[in-house]
Amino acid sequence: MKGLKEFTIPFVGLKEGKHLFNYTIDNKFFETFNFDDFNSSSIKVLLTFVKKSTLFELGFTAEGTVEVPCDISNELYHQEIDAKLPIVVNFGPEYNDDNEDILILPHEAYELDVSQFIYEMIVLAVPNKRVHPKVLDGTMESEALKKLKELQIKEVKTVDNTDPRWDKLKNLITEKNT
């Protein structure tokens with residue numbers, strides 16, 4: 001993907017040990033993935049890259065906010081993002097990402113693009129049901145909420161009409177137990 005060169009880590013030149021990479025994520029990052037669910041975003045991602053002789057240990061942490069519409073009131077709000085993603089990178093004959101915790105790179109690989117991992121971590125950190133904090137605490141004033149309260153079912157009347165034939169059968173059960 002164009003414009004994501006800063007997310008490519010050339011690990012061949014790195015010494016063994018711990019390396020830190022900091023990334024600032026905004027909507028331009030998500031545009032490269034054709035993802036437009038966030039109105040705005042401001043996320044700090046820290047990647048701890050531990051290079052060992054035969055494998056790598058990656059630890060991603062993301063903190064920040066994304067601006068999304070509430071599913072109930074459609075009002076925009078800032079959703080907190082706090083996510084972690086550990087990944088072990090090993091080497092093998094061919095690329096394999098079937099396991100979500102282990103990534104297999106081909107032996108001839110010399111760099112690793114971490115943009116896809118960051119993208120998935122952030123998108124999956126947003127809850128499926130996005131509810132504005134003011135809706136949760138009851139202080140939200142919006143037309144959508146007023147209309148929902150108007151249309152809310154006040155009381156459900158239950159009718160206790162049963163078929164008399166079933167009542168006879170129920171009596172058999174209670175007579176047998178006594």
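Which residues have the most contacts inside the largest nonpolar core? They are Ile 25, Val 45, Phe 60, Leu 112, Val 114 and Ile 118, in a core of 41 residues. Before the close-ups, note that this is a predicted model, where local features need pLDDT of at least 70, side-chain atom pairs count only at pLDDT 80 or more, and totals for chains, interfaces and linings use all residues. Residues are numbered from 1 along each chain as its sequence is written, and side-chain values use heavy atoms, with hydrogens and water left out.

**View 1. Here is the largest nonpolar core**. A core like this is a set of buried Ala, Val, Leu, Ile, Met, Phe, Trp, Tyr and Cys residues joined through side-chain atoms within 4.5 Å; buried means under 20% relative accessible area, exposed over 50%, and partly exposed in between (1.4 Å probe, protein chains only).

**View 2. Val 114 and its contacts**. Leaving out residues up to four places away in sequence, Val 114 touches Phe 7, Ile 9, Tyr 23, Leu 47 and Phe 60. Contact here is heavy atoms within 4.5 Å.

**View 3. Val 126 sits in a loop**. That loop runs between helix 2 (115-125) and helix 3 (133-137); helices are DSSP runs of H or I, at least four residues, numbered from the N terminus. Val 126 counts as buried because its relative accessibility is 10%. Its contacts are Phe 38, Val 66 and Ile 81, again not counting residues up to four places away in sequence. Asp 82 is 44 residues from Val 126 in sequence, yet the C-alpha atoms are 9.2 Å apart.

**View 4. Leu 172 in helix 5**. This helix covers residues 164-177. With a relative accessible area of 51%, Leu 172 is exposed.

How values were computed: Helix = DSSP H or I, 4+ residues; strand = E, 2+ residues; numbered from the N terminus.
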